[in-house]
Amino acid sequence: MLCVIAKLDKKATDKLIEIRKAAFPPVSEGKTLYGHITLATYLGEDERDFVRFCKSALADASAFDLVYDKLEVLEETSIIVAVPAKSEPLAHLHQCIAEAYGDALDIWTKGDRWYPHTTLLFGPQLDLPGLCDQMANAFSPFAARIGRIEFSRVLAEAYEIVDSLDLAPCNQHSTS
């Protein structure tokens, strides 16, 4: 399994870590939050061609800002997430991949099922609505910059970044 992820800047990742700590301080000693939004999860056999295609298709993309505007619980997968407002540049990145590789993507990242978010906490045995309410007390909308696309192989207990693509610099004040 190989994920294509839109990597958040350090400032936004740090903000998400602080929001998570507001409700669940012990999380800071557990799994590190790697600030990203998954664009696609490829389940096919030819990862090399998939990466080559993605890098070519996304080569002209520019860095962009998006705004995280809410937190919510996704019960089906037992997670609390930070959700960005609709972002045309983010949707375009996903669409480029999904149109070409839709049949080889997992159910969460193909077509209309894709729901851009950053996972803050996974906890099937936890009171996720209660923890989300606590996190909401520390939350206010904020901007995040996407300036890099990474290709991440999912391993049993971790992940491995196997390739990346830096997006072209652009105006620092864009929020589309």
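Q: Which hand does the crossing of H2 and H3 have?
A: The crossing of H2 and H3 is right-handed. Keep in mind that this is a predicted model.

Q: At what angle do the axes of H2 and H3 cross, and within what distance do they come?
A: They cross at roughly 140 degrees, and the axes come within 10 Å.

Q: Why is that pair oblique?
A: Angles over 145 degrees count as roughly antiparallel and those from 65 to 115 as roughly perpendicular, with the rest oblique. The crossing is at roughly 140 degrees, and H2 and H3 are therefore oblique to each other.

Q: Which residues meet there?
A: From H2, Asp49, Phe50, Phe53 and Cys54; they meet Cys96, Ile97, Ala100 and Tyr101 of H3.

Q: Staying with H2, which of its residues are buried?
A: H2 covers residues 47–57, and Glu47, Phe50, Val51 and Cys54 are buried in it. Seen down the helix axis, these buried residues fall within an arc of 95 degrees, so they line one face of H2.

Q: Why would residues spaced like that point the same way?
A: An α-helix has 3.6 residues a turn, so residues three or four places apart point the same way.

Q: And what is on the face of H2 turned away from the buried side?
A: That face carries Arg48 and Ser56, which are exposed.

Q: What covers the buried residues of H2?
A: The cover includes strands E1 (2–8) and E2 (36–42), helix H3 (88–101), and also E6 and E7.

Q: What stands opposite Arg148?
A: Asp166 of E7 is opposite Arg148.

Q: Back to helices. How do H1 and H4 pack?
A: H1 (residues 10–23) and H4 (residues 128–137) pack at an angle of about 125 degrees, and their axes are 7 Å apart. H1 and H4 are therefore oblique to each other. Their crossing is right-handed.

Q: Which residues make the contact?
A: On the H1 side Ile19, Arg20, Ala22 and Ala23, and on the H4 side Leu131, Gln134 and Met135.

Q: Which residues of H4 are buried?
A: Leu128, Leu131, Cys132 and Met135. Down the axis of H4, the buried residues fall within an arc of 100 degrees, so they line one face of the helix. On the other side of H4, Asp133 and Asn137 are exposed.

Q: What covers the buried residues of H4?
A: H1, E3, E4 and E5 are included in the cover.

Q: Let's switch to E4. How many of its residues are buried?
A: Six of the six residues in E4 (residues 79–84) are buried, so the strand is largely enclosed by the rest of the structure.

Q: Which of them point which way?
A: Ile79, Val81 and Val83 point one way from E4, while Ile80, Ala82 and Pro84 point the other way. In a regular strand the side chains alternate between the two faces of the sheet.

Q: What does E4 pair with, and over how many bridges?
A: E4 pairs in the antiparallel sense with E3 (residues 64–74) over six bridges. E4 also pairs with E5 in the antiparallel sense, over four bridges.

Q: Which bridge partners can I look for?
A: Leu74 has Ile79 in E4 as its bridge partner. For Ile80, the bridge partner is Leu121 in E5.

Q: What sits in the loop between E3 and E4?
A: Ser78 lies in that loop. The hairpin of E3 and E4 has four residues between the strands. Ser78 has a positive phi of about 55 degrees although it is not a glycine.

Q: Is Ser78 buried or exposed?
A: Buried, with a relative accessible area of 17%. The cut-off for buried is under 20%.

Q: Last one. Where is Asp112, and is it buried or exposed?
A: Asp112 is in the loop between H3 and E5 (118–122). Asp112 is exposed, with a relative accessible area of 84%.

Q: How far apart are Asp112 and His94?
A: They are 18 residues apart in sequence and 11 Å apart in space, C-alpha to C-alpha.

Methods:
Residues are numbered from 1 along each chain as its sequence is written. This is a predicted model: local features need pLDDT of at least 70, side-chain atom pairs count only at pLDDT 80 or more; totals for chains, interfaces and linings use all residues. Side-chain values use heavy atoms; hydrogens and water are left out. Two strands pair if DSSP finds at least two bridges between them. Helices (H or I, at least four residues) and strands (E, at least two) are DSSP runs, numbered from the N terminus. Buried means under 20% relative accessible area, exposed over 50%, partly exposed in between (1.4 Å probe, protein chains only). The arc is that of the directions from the helix axis to the C-beta atoms. Contact means heavy atoms within 4.5 Å. Axes are lines fitted to C-alpha atoms, for helices over the stretch in contact, and angles run from 0 to 180 degrees between N-to-C directions. Angles under 35 degrees count as roughly parallel, over 145 as roughly antiparallel, 65 to 115 as roughly perpendicular and the rest as oblique. A crossing is left-handed if the near helix is turned anticlockwise from the far one by less than a right angle, and right-handed if clockwise.
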